[in-house]
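Trainee: I have the sequence and the structure open. Can we go through them together, one point at a time?

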Amino acid sequence: MVFLFTRYRNIFGRKIFWIGVAAGFIVFLPNLIWQIAHGLPVINHLSELAETQLVHVDRKAFLIEQIIMPGPASILTLAGLFYILLNNGKKRYRFLGFVVLASVFALMLMRGKSYYTIGVFPFLTSAGAVFYETFLNKWYSRLILVSFLILFTYISLPFGLQVYKTEGLIKYFDTVEYKYGFDFGRTFEDGSKHSLPQDYADMLGWEELTEVTAKAWEMIPDKESAFIYCENYGQAGAITIIGKKYGLPEAISFHESFRYWIPEQFNPDPESFIYINDELGDDVNALFNKITKVGSITNINAREYGTTVWLCEDPVISFNSFWKARIEQLD
């Protein structure tokens with residue numbers, strides 16, 4: 001809507017603009033229909049996200065990370081922003097600079113995650129490249145710029161690529177923090193501090209979790225009356241995908257989109273199931289006469305460190321009755 005306050009507002013009077021809007025709406029329509037048919041779960045998702053993750057966002061760190069995220073290319077993004085805001089010869093693009101600033105500050109005030117702004121960086125990088133092309137007239141000055149970008153990209157590669165093994169990454173981020181006082185990425189979205197950035201920590205432990213789950217599955221005599229339950233979609237995804245080579249069935253979970261593929265009831269009524277979570281809840285503990293702790297993720301650097309696999313057998317009441325009550329609570 002910023003266009004309404006610029007000379008580009010005449011775009012709203014062009015037929016091709018509304019054709020584009022219609023095409024975009026058609027592409028989005030299936031998702032909109034699905035959301036409406038399922039009671040707009042996106043609203044609950046955003047509410048849970050705000051309560052469990054965004055509340056931990058540090059606004060000061062958010063702004064600092066806008067400079068850090070592009071890495072060495074920050075010399076392009078910052079130059080591009082100032083170029084279109086301050087250069088009188090680029091007045092016609094100035095409103096785009098204000099759009100960028102408004103987007104960044106709006107997300108900061110709403111405690112958005114720092115990477116939510118990532119869409120503005122390609123534009124700013126392009127503007128910065130134009131600035132340096134205009135400003136650096138000598139071939140050697142351009143060579144210096146390119147050399148700088150290559151050198152510092154090489155130095156900062158571990159921030160975006162897993163160029164080292166786990167131990168090497170931990171050592172790298174320790175050095176960056178304790179030697180240079182620069183802490184980036186090792187505070188997770190729940191506010192806790194870890195040895196690795198969240199993206200790297202999230203790569204660890206899934207194979208181990210699946211192996212333990214496969215061991216538990218083999219312990220079940222009647223697999224027709226059993227299933228695997230995971231507390232979150234990461235665990236469920238690992239069991240569903242990696243578990244194929246172990247002959248495991250697809251996991252069931254109430255978390256995120258897995259919620260929309262859960263069975264209303266089981267046939268036959270389950271006599272045992274594998275429960276995967278970081279702790280054994282009181283409801284599950286009270287439901288079964290026999291609960292065996294099969295194993296857990298032991299890699300201390302994994303995001304899911306401590307996540308445990310329990311084999312639960314011999315329910316004290318009909319499991320389908322318990323399951324039905326749980327579904328009604330969700331609804």
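Mentor: Start with a cut-off: buried means under 20% relative accessible area, exposed means over 50%, and partly exposed lies in between. Keep in mind that this is a predicted model.

Trainee: Is Arg-111 buried, exposed or partly exposed?

Mentor: Arg-111 sits in the loop between α5 and α6 (121–135). Its phi is positive, about 60°, although Arg-111 is not a glycine. The relative accessibility is 29%, so Arg-111 counts as partly exposed.

Trainee: How confident is the predictor, and which element has the highest mean pLDDT?

Mentor: The protein has a mean pLDDT of 89, and 98% of its residues reach 70 or more. Among the elements, helix α2 (residues 41–52) has the lowest mean, 81. The highest mean, 97, belongs to helix α10 (residues 206–218).

Trainee: What is phi of Leu-40 near?

Mentor: Look in the loop between α1 (15–37) and α2 for Leu-40. With a relative accessible area of 34%, Leu-40 is partly exposed. Its phi is positive, in a residue other than glycine, and lies near 55°.

Trainee: Which residues of α5 make the contact with α4?

Mentor: The crossing of the two helices, α4 and α5, is left-handed. From α4 come Leu-81, Ile-84, Leu-85 and Leu-86. By class, the contact has eight nonpolar, one polar and one charged residues. From α5 come Arg-94, Leu-96, Gly-97, Phe-98, Val-100 and Leu-101.

Trainee: And α10 against α11: roughly parallel or roughly perpendicular?

Mentor: Their axes are 9 Å apart, and the angle is about 70°. Angles of 65 to 115 degrees count as roughly perpendicular. That makes α10 to α11 roughly perpendicular.

Trainee: How many charged residues are in the contact of α10 with α11?

Mentor: The crossing of α10 and α11 is right-handed. In α10, Trp-206, Leu-209, Thr-210 and Thr-213 meet Gly-234, Gln-235, Ala-238 and Ile-239 in α11. By class, that gives four nonpolar and four polar residues, and the number of charged ones is none.

Trainee: Is Gln-198 buried or exposed?

Mentor: Gln-198 is found in helix α9 (residues 198–201). Leaving out residues up to four places away in sequence, Gln-198 touches Gly-185, Phe-188, Glu-189 and Arg-303. Its relative accessible area is 14%, so Gln-198 is buried.

Trainee: Where is the cis peptide bond?

Mentor: Go to the loop between α11 (233–241) and β2 (272–277), where Pro-268 is found. Omega is near 5° at a cis bond there, and that bond runs from Asn-267 to Pro-268.

Trainee: How far apart in space are Asn-267 and Glu-224?

Mentor: Asn-267 lies in the loop between α11 and β2. It is exposed, with a relative accessible area of 78%. In sequence, Asn-267 and Glu-224 are 43 residues apart. In space, C-alpha to C-alpha, the distance between Asn-267 and Glu-224 is 8.6 Å.

Methods: Residues numbered from 1 in each chain as written. Predicted model: local features only at pLDDT ≥ 70, side-chain atom pairs only at ≥ 80, totals over all residues. Heavy atoms only, no water. Left-handed = near helix turned anticlockwise from the far one by under 90°. Helix = DSSP H or I, 4+ residues; strand = E, 2+ residues; numbered from the N terminus. Contact = heavy atoms within 4.5 Å. Nonpolar A, V, L, I, M, F, W, Y, C, P; charged D, E, K, R; others polar. pLDDT = per-residue confidence, 0-100. Buried < 20%, exposed > 50% of the residue type's maximum accessible area, 1.4 Å probe, protein only. Axes fitted to C-alpha atoms, helices over the stretch in contact; angles between N-to-C directions. Parallel < 35°, antiparallel > 145°, perpendicular 65-115°, else oblique.
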